[in-house]
Amino acid sequence: MRIGCHGYPDARTNMLPKKQQKKAGKVSKAQRTKRQQEEEERRLREEEEARIRAEREEQERVERERKQKEVERLELKDLERREAELKELHHLLEENHTAVTKWKTEAVETAKWERYMRCDGAPDPAVQKEMNTYMSLWRDDPEVNITLVLQQCNLALQLVDELEDFLKDVTDPQEGQKYQKVLINLQELIHSKHHLATEEILKSASENVSTETGNMQTVIKDDNITLCLWANLNKIPRFKSVSFSEAGLSFELPKQLAVSDIAVRILHTRYDHLSSLARMTHLRTHTLSNRVYPAMQSTQRMHISQSAASLWSRRSSPEPEESQVSHVQTLMEALDVRDPIGPPEEHTVINPVAQVVDLMEYTPLGGVFYYDAFHLPPQIQYAHGWKFVQVLRTGMQVFSYQAEKSGLDGHEALPCPLIGVSVTLPDSVVFLEAPQVARWDAAGKQWRMDGITDISYDESEAKISFKMDSFQAFALMQKTYANLPFQSWELRPLGQDSALYTVNGAFINISITIQDNKCMLQSEQEGGLSHLIGKWMSGSDLQKAMVDAGVNIFVNEYAHKYVSSTAKDPLTQHAAYEQMALFSSACAFSWSKWNAKCGAEHLVMQVCEHHNPSPVPKDSWSLYLLGAQRSRKLAITETSEAFSPDHYPGSEFHSTFIHLLQDTMSPDGVARTRNSHHLFVDTVQSLLCATRPLMYS
């Protein structure tokens, strides 16, 4: 009999014939039996799963305890030898630092002696009295011949470079201001000499008239400047433009100017004195901290006063490694490392006005183009065999032109046409993106991007055209960190005291060969870099040349404001770069994707011992985790599915990176590191600190 939902016989069962009722009862009993079997099987299965889970959890607990004990054993072993390893590292770094300092001091003394022995009459930029005398005599020199003036200017430009280098080492603010004033006065004097030479050429413009146009047009060039000069003698109303094809420059004038007594000059200086003036005028303010952050240089270190025994407190503490940071002296503290690359401090721009160029974000490339118009000076007249020249006491006068002039008697402003200019990009510069144009605001001593319209860039011809509302100096700008962040990087040895540093940037890939204390740039893109590729120079000279050429891979403490980066402790970075440099004759170092996954307090890179100039085999790399307290070799590989800080089985912890590497290095490899020349080590370290690949890749 079937039972209904309320416990009564099911009416549908009672309605069935007796045979069918009996059959229905038998089916119901079978189903109950089956359900009971299924429930029993499920119970047994759950019990089995619970047993397996419990066994697995027990195995995992045992494994965790085993790993924890192993970690504690390795940490204890590391602490027992910590002081000895730190002392050895300190000795190596201090030995190199002392040798480099001695070499640099001797190099400065040698340069001073060579300058003295030249006896060429050039002043010593470091002696302010000599510089003032030199500028006073040159200012009074009546020479205006363009050839001789350019020779004088070239000497002055050398003094400018020496003064800028000297200023980098001046620590007294008052002394720095004095030499900055000398520098600015010298730069202004150079420009005034160009002005006087221009006036002299324009005085005889009528004697150099073009038979085709009836106007004077000339181009004068040397290694530092290109002077394009045009005098409007014919005054043709239908005149439209002038092209200086040999200089890659042209300009357009409106009708009002085409019929005026004017001369137009485009003076292209391959150097940039205006941007340095802007930087000196608009100093950036910094949020000061109680830590001293000197300029990039070798670290000053103090004696290690704390013994290894006192470094470890609560040895038997169950706390995990990362929670014991406050109990263990870090590597940087032991070496008294002061961050040479600076913390990511806040900074404030003095001129936050829109369209004012931030010279941290943008870099002028290719020099400065001074675009000027002058009143045409009186021309030479001949009479009865005599030559007459009217001399103006006021000198050459600037022709004032504004695209909008105030109307007369308070009426509305009278619009005037804009003046146009076209520039072929300098062949000594690489523009990774379409260049931007900025004009010089002489009153504010700053670059601005407003007041420039109708910008047109022809990439195939490498030419940019635009219009302005007045004659002003202008420059071509590129984002300073356009080539960052790096896609990858690698530093591998080529032999003893020789290495190759490769950086794959956002737009261009470059390689720098390092040999002793010299560097040589290599790149597949030769356009704009032909004057640099394959030439040996010092690391600092190469850095300046690369930035000037538009292939900047170097950063400073403000770079993170303008380009994405991986947050990393600067002190840990610097300690890594120091030790990488020590071993760069025997070990290859490379980018790892896990560096972005290991946290701000740790670094991850690929490393392997490598003794020949050939590329590193892909299966030779191992991963290493670097921290402030200790370093370890990792069990994961670059192709692992997830990041794990577990150490490589059988490997040990070390307080220093170099001692960790020595565990798996050959005797020959270790010997190479100990024989590395101090200048090579210093050059590699400076290059790494200047590019910070562990932060910007």
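Predicted model: local features only at pLDDT ≥ 70, side-chain atom pairs only at ≥ 80, totals over all residues.
Residues are numbered from 1 along each chain as its sequence is written, and side-chain values rest on heavy atoms, without hydrogens and water.

Nine strands, in the order β23-β22-β21-β20-β19-β24-β25-β26-β27, form an open sheet with antiparallel pairing; strands are DSSP runs of E of at least two residues, and helices are runs of H or I of at least four, numbered from the N terminus. Pairing requires at least two DSSP bridges between two strands. Because β23 (536-538) and β27 (631-633) stand at the edges with a single partner strand each, one side of each is left without a neighbour in the sheet. The twist averages 25° from one strand to the next. Strand β26 (residues 622-626) is joined to the antiparallel β27 by three bridges, and L626 stands opposite S631 in β27.

Helix α11 lies across β19 (488-495), β24 (587-590), β25 (603-609) and β26, at about 5° to β25. Axes are lines fitted to C-alpha atoms, for helices over the stretch in contact, with angles from 0 to 180 degrees between N-to-C directions; contact denotes heavy atoms within 4.5 Å. The axes of α11 (residues 570-582) and α14 (residues 678-691) come within 8 Å and cross at roughly 145°. In this contact, H574, Y577, E578, M580, A581 and L582 of α11 meet V681, V684, Q685, L688 and C689 of α14.
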